[in-house]
Amino acid sequence: MVRAIVGANWGDEGKGKITDMLAKESDIIIRYQGGSNAGHTIINNYGKFALHLLPSGVFYNHTTSIIGNGVALNIPYLIKEVNDLVSKGVPKPSILVSDRAQILMPYHILFDQYEEERLGKRSFGSTKSGIAPFYSDKYAKIGFQVCELFDEESLKEKVASVCEMKNVLMEHLYHKPAIDPEELFQTLLEYREMVKPFVCDVSNYLHNAIKEGKNILLEGQLGSLKDTDHGIYPMVTSSSTLAAYGAIGAGIPPYEIKNITTVVKAYSSAVGAGAFVSEIFEDEADELRRRGGDGGEYGATTGRPRRMGWFDAVASRYGCRIQGATEAALTVLDVLGYLDELPICIGYEIDGKVTKDFPNTVELNKAKPVYTTLPGWKCEIRGIKKYEDLPENCRNYIEFIEKELETPITMVSNGPGRDDIIYR
Ligand code: GDP
């Protein structure tokens, strides 16, 4: 059975925790898109970890962790992440890397930095991990698949040809030092040695795993609203964040994805620029940011303060729909216990008209939030294991959101730990 765990919002919904939890019953966990540009924070018996590239299933002995072909593979970063885990006492995970995954090159990171600098005020708020230049090159067909590392002669030629082109930009657009093709070639040979033990025909491996009835998890990065096509373009990420892309980014048939668990956050947070209709500011935002997540809402990759907002039912319902959610997990509910009242954005006012449908970016930029307010529950709900034991106002909040989402909420997360979960 293949199950996808994906985000309904702007990312940071707590997918890492849900994946880590569900990985217990899984055989294989796959990252299928994105790269090291976003982090999953996981707290378990080994400690607290921020994973960027590895899937969140790496903490179990029985699981195989896979980097699918859809991922932006930063090879030294992968090795560093594996070594970090091992140094903190986690058993050495079993890892496979698709031979078709493309390599994030050192110049992708440079171009990401230089371009954000060039844009100045108009920048995207990129994490500068090289993701946008990486995917641009992939689709321009000047990227490097892992398998290409094993054909030295062609590799050398391709490196020279790509450098010729990249160096025009380096010199004339960014006024930075040129890339040395020989040095780059040597770096790639080092990358080859690093990645060699993990390289695998992942699609074929998964074909057999599915035949054998293995339990497979696809772990999404970021959320619906950051999807290149269906998100808040252009303030999106450069790969698809949708469950559907799991089929492509892992190399399996789309109809094998039977369950799409969409993680929905009980309030809103976002990083980077772009429309954020239910955003809140100043003291109201500071307090939620400070109390949010586990130890505050600050980027797992960059440490920057996240933008905060009330729960946005319009965006979250769309987020679930575009994922094809079969069920939803509502997370970080415990954080909201301090509020007397909980505003929920139930509509967008655009040009004087109220809509419940999430619009395209041009319309979205004009949208103003329409709120309803529910009473708070004013107590700590961490530690509660049964749904019936939650305070009534808390259940009302969950059930209101469930109706708005048009998706059954099957799990409620009331703390960052593996066991802080209420099944319904
Ligand atoms: P991901 O990118 O979707 O995996 O999300 P993150 O890893 O950024 O998760 C957001 C933060 O929320 C992390 O620090 C988690 O430890 C924390 N977290 C996850 N679920 C819960 C929850 O139910 N309650 C609290 N308080 N924190 C949570």
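**Aromatic pairs, sheets and buried residues**

Both W10 and F276 are buried, where buried means under 20% relative accessible area, exposed over 50% and partly exposed in between (1.4 Å probe, protein chains only). The model is predicted: local features need pLDDT of at least 70, side-chain atom pairs count only at pLDDT 80 or more, and totals for chains, interfaces and linings use all residues. Residues are numbered from 1 along each chain as its sequence is written, and side-chain values use heavy atoms, with hydrogens and water left out.

The structure contains 11 aromatic pairs. W10 and F276 make up one of them, with 4.9 Å centre to centre and 55° between the planes, a tilted arrangement. This pair connects distant parts of the chain, 266 residues apart. W10 belongs to the loop between β1 (2-7) and α1 (15-22), and F276 to the loop between β12 (268-270) and β13 (279-280). A pair is counted when ring centres of Phe, Tyr or Trp (its six-membered ring) lie within 6.5 Å; planes under 30 degrees apart are stacked, over 60 edge-to-face, and the rest tilted. Helices (H or I, at least four residues) and strands (E, at least two) are DSSP runs, numbered from the N terminus.

One aromatic cluster is formed by Y107, F111, Y114 and Y174. Two arginines also sit over tyrosine rings. The charged end of R291 is over Y338, 4.1 Å from the ring centre. R424 lies over the face of Y387, with 4.4 Å to the ring centre. The criterion is NZ of Lys or CZ of Arg within 6 Å of the ring centre and within 35 degrees of the ring normal.

β12 and β13, the strands on either side of the F276 loop, also belong to a sheet. This sheet is open, has 3 strands in the order β12-β14-β13, and pairs in the antiparallel sense. β12 and β13 stand at its edges with a single partner strand each, so one side of each has no neighbour in the sheet. Strands pair if DSSP finds at least two bridges between them. β12 and β14 (residues 307-309) are antiparallel and share 3 bridges. S268 has G309 of β14 as its bridge partner. Helix α9 (residues 282-291) lies across β13 and β14 and runs at about 100° to β14. Axes are lines fitted to C-alpha atoms, for helices over the stretch in contact, and angles run from 0 to 180 degrees between N-to-C directions.

P305 is in the loop between α9 and β14. P305 is exposed, at a relative accessible area of 52%. Its contacts (heavy atoms within 4.5 Å) include R289, E297 and Y298, leaving aside residues up to four places away in sequence. The C-alpha atoms of P305 and R289 are 7.7 Å apart, across 16 residues of sequence.

Strand β5 (residues 64-67) is covered on both faces. T64 and I66 are buried on one side, S65 and I67 on the other. β5 runs parallel to β2 (residues 28-31), joined by 4 bridges. Within that pairing, I30 has I66 as its bridge partner. β5 is also parallel to β7, again through 4 bridges. There, T64 is the bridge partner of S94.

The largest nonpolar core holds 41 residues, and L73 and V97 have the most contacts inside it. At least two residues of this core come from each of β4 (47-51), α2 (75-87), β7 (94-98), α3 (106-119), α5 (152-173) and α6 (181-195). α6 gives the largest share, 6 residues. Such a core is a set of buried Ala, Val, Leu, Ile, Met, Phe, Trp, Tyr and Cys residues joined through side-chain atoms within 4.5 Å. R192 lies in α6. R192 is buried, at a relative accessible area of 14%. Residues up to four places away aside, R192 touches L149, F150 and E152.

Helix α8 (residues 243-250) is mostly covered, with 6 of its 8 residues buried. These are A243, Y245, G246, A247, G249 and A250. In helix α10 (residues 313-323) lies S316. S316 counts as buried, at 1% relative accessibility. Beyond residues up to four places away in sequence, S316 touches A8, N9, V264, F311 and L405.
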